[in-house]
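Trainee: I have some labels to check against their definitions. Can we go through them one by one?

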Amino acid sequence: MTAEERIAQWESRWGPAPEPWRRDLLDSLGDCPAGEMALIHWERWLESHEEPWSAVWPGEPCRQMSELFGQSQFLSDILIREPQMAAGIADGSLIAATPDRDQLRADLDEALSDVPVAEHQPAMCAWRQRQLLRIGMRELLDMTSVKQHTRELSDLAEVTIQAALDHAWEEMVQRWGEPRDGVGEPVGFAVLGMGKLGGRELNFSSDIDLIFIYSAEGETAGIGPEAAGRVLNHRFMQRLCERLIDFLASHGPRGRLYRVDMRLRPEGSVGPLARSLESLEVYLETQARLWERLAYTKARAVAQRGGGTIAERVEGAVRHFCFDERPGPELPRALADLKHRIDREVARSADAHAEVKRGLGGIREIEFVVGLFQLIHGHRHEDLRSTNLLETLRRLRERRLMTPAEARRLRRAYETLRRIEHRLQMMAERQTHTLPSDPASLEIVARRLGWEASESESARRRFLADHLQIASMVHQAFLQHIGAPEVSGLDVEVAAVLDENTSIDQAGAILAQFGLGDAEQMVPMLRSLGRGGRGAYVDASAQSAFERLLPALLAWCPQVPSPEMALRRLAGFVDAYKARGMLFTLMAEQPQLVEVMMRLFGASEMMGDLLTRRPEFFDSVVARGLGLAMPDAILEDVWGDLRPRDLTDVRRLMDALRSLSQMLTLSVALRHVLGLEPWTRLAEQMTTLAEFCLRHAWRAIVDESLAITAPVACIALGKFGGREINIGSDLDVLFVCRPPEDLEPSDALEWTSEITRRGERLMAAFNEPTARGRLFDLDVRLRPEGRNAPLVCTDERLVRYFAEDAQLWEFQTFLRARAVAGAVAGENEIGREVIGRVHAAMRQRLAGMDVRAEIRAMRQRLEENADHPGGAGSVDLKRDPGGIIDAEFLVQCLQLEVLRDAGTSPEVNTAAVLGEASALDVRDRTTLRRHLLTLRVIECQLRLMSGRSSSSIPADGDIWRRLGVAHLGPRTTADEMRTHVREVMAPVREVYERTLTA
């Protein structure tokens, strides 16, 4: 429909239009880039009046309104909603007005004078929109420069923020009283404007970047003579900031005032909303990043309340931070890396090439170049410390610090790009910096900005050519002064993960490439680890070190069983270690430490907990190489450093033994996780460590306390006796004594009771849970008659029990009996002697027994009564057919037969027996030995991973996958690991059944 046809429709409804206006309207629409949109808004305007033709003016007002209606949906809506403002267009008063901040505040106060306090927010929204109409009209009509336009928008925001602060302050003071410092003086509060607000360069639809600072800690004065309701200043300020943000950013019936962005505050989104000036100074001095100096060059107090000169003090602290000394050569690199992260973020958008702010050659690159010059020279020239970019450019040119030609080119480019940005945002008051992608829309934008078509080229093409020329010039200046970033592809990924402007989903997609899931937890955790947050202080050097370290951490993630656990454990350890800057630097400079830490934390929840509980072990076990030494070789040396001076002080002795045990257990586990030791060496070293701790405790608690020297011994049973204990294993022990022969029966009973009390003390000392953890658990349930029997057994009673009452399973247990502690002549004379006597008693009872049938029947009963602690679908490495028990029962059957037939005490170690058992052919011995070792290794990995002394693998597929990565290597699936376990257990079962039925 043509403009004439549309006007004819209007005249059919409202009668003939005034001819001068009709003619001027058609003329203005001919020059309008979006004539159809202008007609729609004209129609809405006319419909809002009872007598439409009385509301129109010919001449310049008609042209100006057509310009408005064809350029901005948002401003058109304001004028249609507030039709009385058209009178200001008609008489020129609206667009002639350029009030300063004082005049704006007076106008706002007048607008609110008859409005209830509860309705101030929507009233302020309406007032702000009227001011935006005035400012927008002046820009659309080319009546103002970019510098003037942005300053008017900034002044409007400052007045609005101050009024909102006044509202929120009074509300909080009425509730809690005014905040005071430690000597009762009023506390000041300042709103620091950052970015374009700080530079008085605000866009038409900008967010406002704010930081909130108060002058001192203390508490509020309270309300009334009783000073009721007093709270700490921090709480007052926190609630004040929340209320202020809500007032500015919440949607009401007339929209909202401003979007508020707090991400530039110290510590970013994890930092407190408000902090004291002292806290800000400490942050800037010790924790702020190099690029933050660029951000703070824009900082300016835009509102304040309370007492004192808080605004001047805050700005002084900021200027000191930015300009106290000349930055080093690392500043351009830091800015190049920061811009590269921005480029990467922009590159995710399909319209990256059309970004006038953040794209190549955009506004941001001009800001970086000017900011670099400002930081380099601002420490000597105070006039360069302006927060306004165009003002700084002018002063750089005047001081010949930048060539006049370059300063002129950058100024023109900046003004052009900002004007484009304003027009894009004025259309719908939407924060956009992207040129439209479809040709028709871009043609309209180009014409709105003043580009005209020629006979051979459209306005769009001419505009794009000019824009490309500007962008190329700006980017060349950026490369000349700042340069390209020297970052690898992985570094870029890392930078994006740590960047608060990268969404959780986007950062999570990056982490997923390294095998990390659960972005909602992983991304904030990594940012907190490297950037700090509530309760975690991270200075600038530590942040920089973590950025260098994180690529290596991520590179190791696919190599470890549980990368999420590895990073969570690392974060917990870092918090416990405290000196994170030193730790990050050490790991960044020594890549082998990254491997050690990621493998340890990613494979062992148990060892991760231990290292976090005892962070001092990092220096002694990991960083200084102790973790890579042979633990049995350094046992005596480490004990020499840890042992107390008085070995009879049981409490100190046990604490020292706990430290020794934990330190060397960590060392043993670390060597195993790194693949430096087979499981057989792990078992030997853990057994040696356990015996060492037991002997020292025994001497202090049992031997040294006896009034009468007589034979007393500790006998190791089960895996402890066989030198096969695993990480987290209990120690099965039996206490044996021989009362002196010259004692009367009552004295002998008292002597045995005293030994029992010493044994109980030993048990309590070992099994006691302490803040440092616990030593090995001593388990005495394998003694004759079990837990209901006396703790200490005499040698005569023990031999008699095995000669008369012991069951076959107890015979199996005693096959691996070994004397390990006791201070008597001949070193454990009673231990070795009683073991030989028990074996002789066992031999007599085994005579004529079908050992294989008995073992087979016992194993069958165990299988019939077995349950699965891991639930349905789980696999028990120990108890299931083909598991560890099959191999052990088979070996014990052969040992019992040797004892029965040859009368010799058997070898206690299962692997050693399998190396020599003549009853098995070489192939079966090799199969059993290899597969039993494999099951032991998997069991060890399961215990390290789960932190529990369990041999049952639950049905959970993720546990199988993690176990597969630990055992078979990266990219192993759960199904592959299940198949592997079946292939290990099947041959064990086959040899077991074939041998015991032969």
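Trainee: Why is C322 called buried?

Mentor: Because its relative accessible area is 0%, and buried means under 20%, exposed over 50%, partly exposed in between, with a 1.4 Å probe and protein chains only. Note that this is a predicted model: local features need pLDDT of at least 70, side-chain atom pairs count only at pLDDT 80 or more, and totals for chains, interfaces and linings use all residues. Residues are numbered from 1 along each chain as its sequence is written, and side-chain values use heavy atoms, without hydrogens and water.

Trainee: What makes C693 buried?

Mentor: C693 has a relative accessible area of 0%, and therefore counts as buried.

Trainee: Which residues of strand β8 point which way?

Mentor: V712, C714 and A716 point one way, A713 and I715 the other. In a regular strand the side chains alternate between the two faces of the sheet. Strand β8 covers residues 712-716, and five of its five residues are buried. Strands (E, at least two residues) are DSSP runs, numbered from the N terminus.

Trainee: How do you know that β8 pairs with β9?

Mentor: Two strands pair if DSSP finds at least two bridges between them. β8 and β9 (residues 731-737) have five, in the antiparallel sense. C714 stands opposite F735 in β9.

Trainee: What joins β8 to β12?

Mentor: Three bridges, and the strands run antiparallel. β12 spans residues 818-821. There, A819 is the bridge partner of I715.

Definitions and conventions
Helices (H or I, at least four residues) and strands (E, at least two) are DSSP runs, numbered from the N terminus.
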